Amino acid sequence: MLSRRLFIAAAPLVVIGAPGILRAQSVFRTFPFALGIASGDPSQDGFVIWTRLAPDPLELHGGMAMTPMDVEWEVASDDRFATIVAKGTTVARPEVAHSVHVEVAGLQANRPYWYRFTAGGERSFSGRARTLPAAGAAMDKLKFGVVGCQNYEDGFFGAYNHLAREELDFVFHYGDYIYEWRGSPSSASYFTGRLQVPVRQHAGQLLYDLADYRQRYAQYKTDTDLQRAHAAHSFYPTFDDHEIDNNWVAGISGSGSPAEMFELRRAAALQAWYEHMPVRRANMPRFGTGTFHRTARFGNLAEIQLLDTRSYRSDQACDDGFKPLCEGVHDKTAQVLGAEQEAWLAKNLSSNQARWNCLGQQIMMMSLDRRRAANEDTRIANMDSWAAYEVPRQRMLGRMAGLGNVIVLTGDEHQNFVGDLVHRDKVVGTEIVSTSISSGGDGSDLRYGSEQMMKNNPELKFLNDQRGYVVCEVTPDAWLSHFQVVDQVSTRSNTMKRRATAEVAHGIPGAKMTGLSV
Ligand SMILES: [Fe+2]
């Protein structure tokens, strides 16, 4: 039975010609594609196309009746849909919040396609997706975006509007797609204790159950700048901590829930993550967990290992936080990736023929001294980073040594960093830390203590505290990472500029910065 609400069609009916003509027969009161559309996890012959029917995004079940509904999809070789190259009908099921994940295959390599959905007499707007080059194909250029950390309360997602206009092969999302915090019209600032007023407010309380997480994704996905970015580019989504719980690892909550309780929360959060991301069935969680690490291959030019640095990690040393180093930092049994993922990564790194090796991951790999003032006498480390897992960190750096072509892409920090990855006094790779889309608010070029951090950490080449994203431009000879920053996120529109570029020459680990003048 379909609910009455579903059958209250808008009146008067307006026929405005294709593609809007379908609205004349709509069973929906409001636009059912209010969360947008997305494409993701491209391969050489296809990609995933995604949508979720949610005519009332913040309502329970997105305003849908709890019954399956057919969704038609089309993929065209042109943006006017004159030549349809693939189409079909799938079912949006209530078990997965009426989301659909169509794995389109059989397409040509390395070219753009356009896709759209139709359901209940309504048609979605169209999106653009791009297949990858054929395996091993000789490629001379790759250009992709690196994004993440998009706290809705901290600011608008205007950076995404700029990202949507970039010419990119794909986008890597390093996580913190949502934040689990409750909504509040005001709060006490974490840093100053003073009154803090969010730029815009989360709906709902702290997230615990499936309905909570679904509503939060729905709220984020109504952001039209985010929708534009998804409609323009295929994403490779990964997750970090805030998709579930601040600083969680494996079965351990970062906020004190008992293990068996946290397991329920994690299962709900991972289900909601799957429901809202354009990922493959292989990454659908089962029985509360799943496999999320995977590889993106771009011809013979680059191979990106998309890592999961949360699901298999051992507990943070020194009881987490920013602390002086304790004994636990040198724990020989500590894990960041877990044995299985680490073996998978080691095999991929040593066996692939790609010109560049890249790790797409979440937490900082450099072991930085975090002291912000000259008079602090004890070194401080971030326990929720590789710095607190020295044994697996050194193992990882050892694997990079000799390859001469490793770039590590990282998120989480809400600041831009460039630095050398050093193993036994030798530079073995470069870490590019991409700032946040909005988390942390407007920011400024440097924050309190930035200069001290540069002084304390000779491996650091660049530090910046503005919002935005990174664009990587890769050729056989050089890997460029451009730091694109916006002037503010407290307003819907903003001005973007290229703050600096990090350049790594192939075979010579270590970045050189260009364009550094403010
Ligand atoms: Fe974040």
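## Cores, a buried aspartate and a surface patch

D420 sits in strand β20, which spans residues 416–423. The model is predicted. D420 counts as buried because its relative accessibility is 11%, and buried means under 20%. Its side chain makes a polar contact with the side chain of K461, at 2.9 Å. Leaving out residues up to four places away in sequence, D420 touches M366, V427, G429, E459, K461, G510 and A511.

Next come the nonpolar cores. The largest has 70 residues. Within this core, F144, Y160, L163, L409 and W479 touch the most other members. Helix α4, residues 259–276, gives the most to this core: seven residues. A second, separate core has 32 residues, including V329, I363, A381 and V428. In soluble globular proteins, nonpolar side chains tend to be buried together.

What is W479 in contact with, leaving aside its neighbours within four places in sequence? The partners are F144, W356, C358, I407, C472, E473, V474, A502, E503 and V504.

The surface has a nonpolar patch too. W181, L206 and Y208 form this patch, and together they have about 280 Å² of accessible area. L206 lies in the loop between β12 (195–196) and α2 (210–221). Its relative accessible area is 32%, so L206 is partly exposed.

Two residues side by side:

| Residue | Relative accessible area | Class |
|---|---|---|
| D420 | 11% | buried |
| L206 | 32% | partly exposed |

Terms used
Residues are numbered from 1 along each chain as its sequence is written. This is a predicted model: local features need pLDDT of at least 70, side-chain atom pairs count only at pLDDT 80 or more; totals for chains, interfaces and linings use all residues. Side-chain values use heavy atoms; hydrogens and water are left out. A nonpolar core is a set of buried Ala, Val, Leu, Ile, Met, Phe, Trp, Tyr and Cys residues joined through side-chain atoms within 4.5 Å. Buried means under 20% relative accessible area, exposed over 50%, partly exposed in between (1.4 Å probe, protein chains only). Helices (H or I, at least four residues) and strands (E, at least two) are DSSP runs, numbered from the N terminus. Contact means heavy atoms within 4.5 Å. A polar contact is a pair of N or O atoms within 3.5 Å; within protein, one must be able to donate a hydrogen and the other to accept it, and residues adjacent in sequence count only if both atoms are side-chain atoms. Patches are made of residues with over 30% relative accessible area and no salt bridge: like charges are joined within 9 Å, nonpolar side chains (Val, Leu, Ile, Met, Phe, Trp, Tyr) within 5 Å. Accessible areas come from the Shrake-Rupley method with a 1.4 Å probe; for residues, only the protein chains shown count as cover. A salt bridge is a side-chain nitrogen of Lys or Arg within 4 Å of a carboxyl oxygen of Asp or Glu.
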